[in-house]
Amino acid sequence: MNMNRLHKVTIHHRQTGRTMILEVPEGEYILRNFESHGEELPFSCRNGCCTACAVRVLSGEIDQTDGIGLSQEMRDKGYALLCIGKAISSLEVETQDEDEVYEMQFGKQLGQIKGSPASPFDI
Ligand code: FES
């Protein structure tokens with residue numbers, strides 16, 4: 001791994017309509033690098049467990065072998081986590097819909113119970 005190599009990372013933040021572009025050094029976590037430049041992106045746990053920072057990869061490759069991360073199935077579908085993700089080529093991603101990846105990773109029912117006003121846990 002060459003730490004001096006830079007990769008152009010483009011993030012489309014669909015909820016705000018903003019597109020952010022930075023040159024991220026290889027080996028650096030993408031979320032942290034964007035934050036250090038004052039860019040605000042969704043996150044929660046910061047260690048690859050919650051899926052709050054998940055994005056859809058539109059083009060390019062991302063190394064997300066750190067942390068527990070997404071299931072292989074989710075990675076195969078083209079999703080990635082920015083908090084533990086490192087660019088290994090030019091990369092273009094877009095933010096997910098709210099809870100989109102959470103529901104796929106942890107199960108639809110769990111996602112529905114979590115947000116449902118009629119949850120059995122409320123009784
Ligand atoms: S912030 Fe939780 S998985 Fe990235």
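How many bridges join strand S1 to S7, and in which sense do the two strands run? Four bridges join S1 (residues 6-13) to S7, and the two strands run parallel. The model is a predicted one, in which local features need pLDDT of at least 70, side-chain atom pairs count only at pLDDT 80 or more, and totals for chains, interfaces and linings use all residues. Residues are numbered from 1 along each chain as its sequence is written.

**Overall make-up**

- The protein has four helices and seven strands; helices (H or I, at least four residues) and strands (E, at least two) are DSSP runs, numbered from the N terminus.
- Along the sequence the elements follow the pattern β-β-α-β-β-α-β-β-β-α-α.
- Of the 123 residues in the protein, 24% are buried. A residue is buried if 20 or more other C-beta atoms lie within 10 Å of its own, exposed if 12 or fewer, and partly exposed in between, with C-beta atoms placed from the backbone.
- Among contacts between residues at least 6 apart in sequence, 56% join residues at least 24 apart. Two residues are in contact if their C-beta atoms, placed from the backbone, lie within 7 Å.

**The sheet**

- Five strands form an open sheet with mixed pairing, in the order S2-S1-S7-S3-S5. Two strands pair if DSSP finds at least two bridges between them.
- Strand S2 (18-25) and S5 stand at the edges with a single partner strand each, so one side of each has no neighbour in the sheet.
- From one strand to the next, the twist averages 35°; the axes are lines fitted to C-alpha atoms, for helices over the stretch in contact, and angles run from 0 to 180 degrees between N-to-C directions.
- S1 and S2 pair in the antiparallel sense over eight bridges, and Lys8 stands opposite Glu23 in S2.
- The hairpin of S1 and S2 has four residues between the strands, and Gly17 takes a positive phi near 75° there.

**Strand S7**

- Strand S3 (residues 54-59) pairs with S7 in the antiparallel sense, over four bridges.
- Ser59 stands opposite Glu92 in S7.

**The largest nonpolar core**

- A nonpolar core is a set of buried Ala, Val, Leu, Ile, Met, Phe, Trp, Tyr and Cys residues joined through C-beta atoms within 7 Å.
- The largest such core has 22 residues, of which Ile30, Leu31, Ala54, Ala80, Leu81, Leu82 and Cys83 touch the most other members. The elements giving two or more residues to this core are S1, helix H1 (30-36), S3, strand S5 (79-81) and S7.
- Not counting residues up to four places away in sequence, Ile30 touches Val9, Val24, Leu82, Gly85, Lys86 and Ala87.
- Leu31 is in helix H1 and counts as buried because it has 21 C-beta neighbours inside 10 Å.
- Leaving aside neighbours within four places in sequence, Leu31 is in contact with Leu41, Phe43, Cys53, Leu82 and Cys83.
- Leu31 and Lys86 are 55 residues apart in sequence, and their C-alpha atoms are 8.9 Å apart in space.

**The loop between H1 and S3**

- Glu40 is found in this loop, between H1 and S3, and counts as exposed because it has 11 C-beta neighbours inside 10 Å.
- Glu40 and His13 are 27 residues apart in sequence and 9.5 Å apart in space, C-alpha to C-alpha.
- Most residues other than glycine have a negative phi.
- Arg46, in the loop between H1 and S3, has a positive phi near 70° although it is not glycine. Arg46 is partly exposed, as 18 other C-beta atoms lie within 10 Å.
- Thr51 lies in the loop between H1 and S3 and has a positive phi near 75°, again in a residue other than glycine. Thr51 counts as buried because it has 24 C-beta neighbours inside 10 Å.
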